[in-house]
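Thank you all for coming.

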Amino acid sequence: MEQNIIQNKIYQVRGVRVMLDFDLAELYQVETRVLNQAVKRNLKRFPSDFMFQLTAEEFDSLKSQIVIAKPGRGGSRSLPYAFTEHGVLMLASVLKSDIAALVSINIARTFAEMRRYIAANAEISADI
């Protein structure tokens with residue numbers, strides 16, 4: 001899986017980089033409801049620094065930036081959950097599939113590459 005596909009599904013919310021439940025479900029090749037059911041069965045593994053539900057305002061702000069189906073046309077009926085990097089990695093352990101494991105590895109590599117890129121640009125900016 002290409003890193004740019006994953007990068008395009010990483011958003012900044014509440015000052016942290018997150019991925020949304022419906023994007024993760026697509027990558028993990030499961031329905032969003034299946035992903036969320038697995039999480040709800042294992043809530044102890046997802047503290048608030050691993051996962052949180054978006055507020056209506058946060059979701060509206062994201063909808064203006066990305067293409068999300070409108071409710072009633074296949075869109076979500078509830079506000080999506082946002083998963084931090086650690087939450088994304090925890091998902092692989094609760095979904096227990098080979099695809100989830102492989103996708104989580106690629107996501108972890110993408111987050112790491114983004115951190116390296118940001119750090120390198122910070123050094124360049126400091127030198128200017």
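What you see is a predicted model, in which local features need pLDDT of at least 70 and side-chain atom pairs count only at pLDDT 80 or more, whereas totals for chains, interfaces and linings use all residues. Residues are numbered from 1 along each chain as its sequence is written, and side-chain values use heavy atoms, with hydrogens and water left out. The helices (H or I, at least four residues) and strands (E, at least two) are DSSP runs, numbered from the N terminus.

Let us start with helix α4, which spans residues 56-65 and in which Glu-58, Phe-59 and Leu-62 are buried. These three cover an arc of only 95 degrees around the axis, which puts them on the same side of α4, the arc being that of the directions from the helix axis to the C-beta atoms. On the face turned away from that buried side, α4 carries the exposed residues Glu-57 and Ser-64. What do the buried residues of α4 pack against? They pack against β1, β2 (16-20), α2 and β3 (51-53), where contact means heavy atoms within 4.5 Å.

Next, the interior. A nonpolar core here is a set of buried Ala, Val, Leu, Ile, Met, Phe, Trp, Tyr and Cys residues joined through side-chain atoms within 4.5 Å. The largest such core has 24 residues, and those with the most contacts inside it are Met-19, Leu-24, Tyr-28, Leu-35, Phe-83, Leu-91 and Ile-107. Two or more residues come to this core from each of α2, α3 (32-41), β4, α5 and α6. If we set aside residues up to four places away in sequence, Ile-107 touches Ile-6, Met-19, Leu-24, Leu-27, Tyr-28 and Val-88.

A residue worth a look on its own is Thr-84, found in the loop between β4 (81-83) and α5, and buried at 9% relative accessibility. Leaving aside its neighbours within four places in sequence, Thr-84 is in contact with Val-16, Arg-17, Val-18, Asp-49 and Phe-50.

Finally, the charged pairs. How many salt bridges are there, if we require a side-chain nitrogen of Lys or Arg within 4 Å of a carboxyl oxygen of Asp or Glu? The count comes to 7. In one of them, Asp-23 and Lys-9 meet with N to O at 3.7 Å, and this pair links distant parts of the chain, 14 residues apart, with Asp-23 in helix α2 (residues 21-28) and Lys-9 in the loop between α1 (3-7) and β1 (10-13). Both partners are buried, Asp-23 at 6% and Lys-9 at 14%, and a network of salt bridges links Lys-9, Asp-23 and Glu-26.

Another salt bridge joins Arg-115 to Glu-85, with the closest N and O atoms 2.5 Å apart. Arg-115 lies in helix α6 (residues 98-127) and Glu-85 in helix α5 (residues 85-95), so this pair ties together parts that are 30 residues apart in sequence. Here Arg-115 is partly exposed at 39%, while Glu-85 is buried at 17%.

Notes: Buried < 20%, exposed > 50% of the residue type's maximum accessible area, 1.4 Å probe, protein only.
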